[in-house]
Amino acid sequence: MQQIQIETLSKTYPLYLGNQILRNLNDIIEQVKPDVSSILVITDEAVDAHYGEQLMTYIDVKYQAYKYVVPSGEKAKSFEHYYACQTFALEHQLDRHALTIAFGGGVVGDLAGFVAATYMRGISFIQVPTTLLAHDSAVGGKVAINHELGKNMIGAFFQPEAVVYDIHLLETLPEKEWRSGFAEVIKHALIHDIGFYNWLQKNIHTLEDLRGDKLIYAIEKGISVKASVVKEDETESGVRAHLNFGHTLGHAIESECGYGKISHGEGVAIGMLFAMKVSNALKKTSFPVAEIARWFEQFGYATMIPSGLSKERLLTKMQADKKSKKSHVYMVLLEDIGKPYVQKIDDELILNLLAEELKIKP
Ligand SMILES: NC(=O)c1ccc[n+]([C@@H]2O[C@H](COP(=O)([O-])OP(=O)(O)OC[C@H]3O[C@@H](n4cnc5c(N)ncnc54)[C@H](O)[C@@H]3O)[C@@H](O)[C@H]2O)c1
């Protein structure tokens, strides 16, 4: 079992990474939170069906442990499910010394983390991620639910006591979720670590290559990048914005297609290629975008913007991005691999490049 220390201004905590390490959960609870009164596990239906019972057997009977199951998917990050979690905690008389365990992907991590951040003004929580994408979301302490007017609009910065990442849990992950999570792994390499990027290109040719030691290495590197960015900027006032590489257009595509139609990672993959094109146009960099797109295609990513989307609507969505200022689009671009910067982009350049992507006349 490897241990990576996650350091932020507000808290330092361990992340444990390995295969079949979930059975150590009880020891980890005792180490990081010895005075726990009771435990609330929040999970979703799919994760519960595969591992719910098993997880509960790893928690010592001396704790009062309760499990609350939400539906799978983004819909669980709603006020309704947030409220239901709080009601469940109150009905079971959880006190301020209770511990929440977020057992699932990014959705459960965000929801359970926000429940923990706000229940009785904050109780401890541990992240037990079960998706590849959650190597990203479980680290850094951003927790949130959605409002019908925007994703992740109601939330907090709230760090967990520990993260327990058991790659054994990924064995049941559907292929599209591997694809979605791997885009964030590539993103971490592109914004921070050329050596890791070269390693990925050399070693990972299909999603099936992401197994065993290679998977652990890729996750460890991805987490290290996220950890180093978060260490420098916990609350997203500076370099943490670089984590949005590929997300400005990615989010716009996700939203225009309708959430769930295209996965987060698939949108981000197209967004990263687009950001490299913008970088080439502005800084005269020479990213071999077509070659990188062919590598992406080996994992089953669409590398073109889905046809039928309107460039004007995509631009409007990009202008509404949380990182935009006064309706101007700000994108994370690359000077080189590992050297990101944020730049305001003219609408005209975006429209021209989108038109090229969509193969329509500007
Ligand atoms: N907090 C952050 O810093 C941060 C960063 C990135 C993304 N996010 C959030 O993460 C969410 C996306 O996370 P996600 O991609 O993990 O989605 P998810 O949590 O919805 O999981 C994807 C699907 O896989 C299923 N699943 C999860 N683990 C499984 C397993 N081991 N075996 C079988 N099925 C399993 C889930 O039930 C779900 O249907 C979004 O809401 C996004 O906003 C947060």
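Phe114 is located in helix H4, residues 106-118; helices (H or I, at least four residues) and strands (E, at least two) are DSSP runs, numbered from the N terminus. Before I continue, please note that this is a predicted model, in which local features need pLDDT of at least 70 and side-chain atom pairs count only at pLDDT 80 or more, while totals for chains, interfaces and linings use all residues. Residues are numbered from 1 along each chain as its sequence is written.

Is Phe114 buried or exposed? Phe114 is buried, because 24 other C-beta atoms lie within 10 Å. The cut-offs are 20 or more other C-beta atoms within 10 Å of a residue's own for buried, 12 or fewer for exposed, and partly exposed in between, with C-beta atoms placed from the backbone. Leaving aside neighbours within four places in sequence, Phe114 is in contact with Tyr82, Val143, Ala144, Ile145, Gly155 and Ala156; contact requires C-beta atoms, placed from the backbone, within 7 Å.

I turn now to the core. A nonpolar core is a set of buried Ala, Val, Leu, Ile, Met, Phe, Trp, Tyr and Cys residues joined through C-beta atoms within 7 Å. The largest one has 100 residues, and Ile42 and Leu111 touch the most other members. Helix H10 supplies the largest share of this core, nine residues.

Helix H10 covers residues 264-283 and has 20 residues. From first C-alpha to last, H10 reaches 27 Å, close to the expected 28 Å, which is 1.5 Å times one less than the number of residues. Of the 20 residues in H10, 15 are buried. Lys284 follows H10 and has a positive phi, near 60°.

Finally, the domains. Their C-alpha centres lie 27 Å apart, and 20 residues of domain 1 are in contact with 22 residues of domain 2. On the side of domain 1 that touches domain 2, two or more residues each come from strand E1 (2-7), strand E2 (12-18) and helix H5 (134-137). E1 gives the most to that side, with four residues.

Technical notes: Contact = placed C-beta atoms within 7 Å. Domains from an automatic or database assignment.
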